[in-house]
Amino acid sequence: MSKTIKTLRGMHDVLPGQTPGWSRLESTLSQTARHYGYQEIRMPIVEQTALFSRGIGEVTDIVEKEMYTFDDRNGDSLTLRPEGTASCVRACLEHGLIHNQQRKLWYIGPMFRHERPQKGRYRQFHQFGVEAFGVNGAEMDVELMLMASRIWQQLGITDVQLQINTLGSSDARAAHRAVLIEYLKSHADDLDEEARARLETNPLRILDSKNPAVQAVVAHAPALADYLDEADRENFAEVQHLLTAAGVSFVVNPRLVRGLDYYNRTVFEWVTESLGAQGTICAGGRYDGLVAQLGGKATPAAGFAMGLERLVELIGQADDESTADIYVLWPEPSAKGAALAAAEGLRRALPDLRIQCALDGGALKNQLKRADRSGARFAVIIEDTADADSWRVKSLRLNAPLEPIPEAPLEPAAATALLRAELAADRRTT
Ligand code: ATP
Ligand code: MG
């Protein structure tokens, strides 16, 4: 026998028992985005490498060491998308979606980063992302945080904290950068290799280091907050004021810088204590410079992305292996045709329910076992009788039917009405 082939490290199948939980999550996300007036967009999974190196920034974790980059057969450098924002901006520019107009978009799908796999960190993972173009004010940033907050309510997530910060304008960042480099240089001996390598290229990222030794140095570093200009300060004050007015609680975390280069002004993360080390379930902010950086006209923009694996883990969806609500049985081979027809009749009459027919037939006892394993609430038994129009209905679950189920066979119409009533009640209670 030849060796079986397995999935790649850090990439996972979502199994049949798990997909109902994923679907429920995805539909909550898409419905909420729609509710806020966002339109869905779908971008390709593979793009030109230059889109990400230019969009995300050369000196970021993602571009330096996490991208799946390869040459295709024409020798073009391609990359599996590590995030959605750059692709979304590319699509907007290519199709004129943000030319002199506001546009709010959402997407969902797989992203790829070559990271060290661990709980909550994978090489193929999924994001739900939203991007809003053409609005400058603090109200845009706050509406995004309100939307995330509504999503937590809808998913029943309570143990989550909103952290916010401002990165200011590019002028403020340049002024801060100069003093930060000076400070870090004077403590170079206490930095790790990665931080030293970043000193000149991307010192802001050192503030984000997870190494405790580096964090100790960073604790006393000059704060970006002291270099903000008046307009940035007012903008950040307004963000906080609007959040408070909307009843969204938050903490200001001056160390929040985000991993990607393109952010300015408001940045935010939603963090939970319930997931261990990888506790950020949503991250986003404003990125007014990106559209121009990718060749468009300067356009204010803001957005966020949520990691779906972390959300699935957090809301703890139980596996759901059930595949039927009603199972049609035919104990005698001669009833096979009548059973197939009965199942079709039920599918027409009850379009929201899952109807299975006992394929392969066999003894009644075995068919009942299969029906039970499917999770069906009811069996419909088509007996071998010249009169194929009599169905016997049997309750398969412990929760008692609303009405006693007659022992005697029923007319199909009566049986269907009974099943409709019973299973409509079932859907209300589950
Ligand atoms: P970190 O600093 O933890 O690496 P990041 O800044 O790279 O995070 P973003 O690029 O902002 O993360 O991604 C947004 C969200 O997507 C994260 O908050 C997280 O929920 C999720 N996410 C990011 N990378 C991964 C991954 N490798 N596996 C699973 N989820 C991820
Ligand atoms: Mg990362």
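Which residues are the closest of those that surround ligand 1, and how many residues surround ligand 1 in total?

Modeller: This is a predicted model, in which local features need pLDDT of at least 70 and side-chain atom pairs count only at pLDDT 80 or more, while totals for chains, interfaces and linings use all residues. Residues are numbered from 1 along each chain as its sequence is written, chains are lettered from A and ligands numbered from 1 in the order in which they are written, and side-chain values use heavy atoms, with hydrogens and water left out.

Ligand 1 is surrounded by 15 residues, a residue being counted if one of its heavy atoms lies within 4 Å of the molecule, and the closest are Arg113, Glu115, Arg121, Tyr122 and Arg258. Sorted by class, this shell holds six charged, five nonpolar and four polar residues; here Asp, Glu, Lys and Arg count as charged, Ala, Val, Leu, Ile, Met, Phe, Trp, Tyr, Cys and Pro as nonpolar, and the others, Gly among them, as polar. Three strands, β6 (124-133), β10 (280-286) and β11 (301-307), each supply at least two residues of the shell, and β10 gives the most, with three residues; strands (E, at least two residues) and helices (H or I, at least four) are DSSP runs numbered from the N terminus.

Among the individual pairs of atoms, a nitrogen atom of ligand 1 lies 2.9 Å from a backbone N or O atom of Tyr122. An oxygen atom of ligand 1 is 3.4 Å from an N or O atom in the side chain of Lys210, and an oxygen atom of the ligand is also 3.3 Å from a polar backbone atom of Gly307. Taken alone, ligand 1 exposes 600 Å², of which the protein buries 90%, with areas from the Shrake-Rupley method and a 1.4 Å probe, where for residues only the protein chains shown count as cover.

As for the record, the unreviewed UniProt entry lists Glu83, Gly84, Thr85, Arg113, Gln127, Glu131, Arg258, Tyr262 and Tyr263 under "binding site"; its positions are given in the numbering used here, feature names are shortened, and annotations may be inferred rather than shown by experiment.

Strand β9 (residues 264-271) contains Glu269, which is buried at a relative accessible area of 12%. The side chain of Glu269 makes a polar contact with the side chain of Thr280 at 3.3 Å; such a contact is a pair of N or O atoms within 3.5 Å, and within protein one must be able to donate a hydrogen and the other to accept it, with residues adjacent in sequence counted only if both atoms are side-chain atoms. Arg265 is also found in strand β9, where its phi is near 45 degrees, a positive value in a residue other than glycine, and Arg265 counts as buried at 18% relative accessibility.

Definitions and conventions. Buried means under 20% relative accessible area, exposed over 50%, partly exposed in between (1.4 Å probe, protein chains only).
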